[in-house]
Amino acid sequence: MSSAHKNLSVYNTKDIPDVSEKRFALIVAEWNEEVTEALAQGAFDTLVKHGVKEENILKTYVPGSYELSFASQVFAQREDIDAVIAIGCVIQGETKHNDYINHAVAQGLTTVSLKYNKPVIFGVLTPNTQQQALDRAGGIHGNKGDEAAITAIKMLRWS
Ligand code: DLZ
């Protein structure tokens, strides 16, 4: 099912672990700031809604989505961080830059997650247009930041 047919803010609430003592890194790309700030706010609010203490959410910025992998590694290797949420938005342009960035970030985050045995969540939108991005950043299709946060929480059952 594509996100055009799913509301990203609607999720199954079974098997949600206690995260009241867990610490999260929330890494946000500055490119397409209007979108990534909305995603980050959604992720933050969803973490808090499920019992995460605000002081246990370490929010930080990188210039663009390509830098999310490196920053995720810096946080994933820290013993005081339980999960990493990487937030970005790569909008298709006239060239193939978006393909290269998207694939690099997806691969990079997967590598970091497996290397450090921690959830590292792909909270990156890869739309064709700005409107498609806004539709998924608190718009008609919900907020991918919400989805990223609940995914991080649920994956803590495994670590
Ligand atoms: C260069 C670039 C372009 C063209 N588009 C985006 C984008 O849509 N979203 C995004 O997060 N970052 C973009 N970037 C920046 C790259 O991610 C990266 O920051 C630079 O290539 C420097 O490594």
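Q: Where does the ligand sit?
A: In this predicted model, local features need pLDDT of at least 70, side-chain atom pairs count only at pLDDT 80 or more, and totals for chains, interfaces and linings use all residues. Residues are numbered from 1 along each chain as its sequence is written, and side-chain values use heavy atoms, without hydrogens or water. Taking a pocket as an open set of points on a 1 Å grid over the protein atoms alone, where a 1.4 Å probe fits, with protein on both sides within 12 Å along at least five of seven lines, and sitting as having more than half of the atoms within 2 Å of its points, the ligand sits in the largest pocket.

Q: Which residue has a side-chain N or O atom 2.6 Å from an oxygen atom of the ligand?
A: Polar contacts (N or O pairs within 3.5 Å) include one from a side-chain atom of Asn32 to a ligand oxygen at 3.2 Å, and one from His97 to a ligand nitrogen at 3.4 Å. The 2.6 Å pair, with a ligand oxygen, belongs to Glu67.

Q: How much space lies in the largest pocket?
A: The lining includes Trp31, Tyr66 and Cys89. Counted as the space filled by probe spheres set on the grid points, the volume of the largest pocket is about 160 Å³.

Note on methods: A polar contact is a pair of N or O atoms within 3.5 Å; within protein, one must be able to donate a hydrogen and the other to accept it, and residues adjacent in sequence count only if both atoms are side-chain atoms. On a 1 Å grid over the protein atoms alone, a cavity is a set of points where a 1.4 Å probe fits but cannot get out, and a pocket is an open set with protein on both sides within 12 Å along at least five of seven lines; lining residues have an atom within 4 Å of a point.
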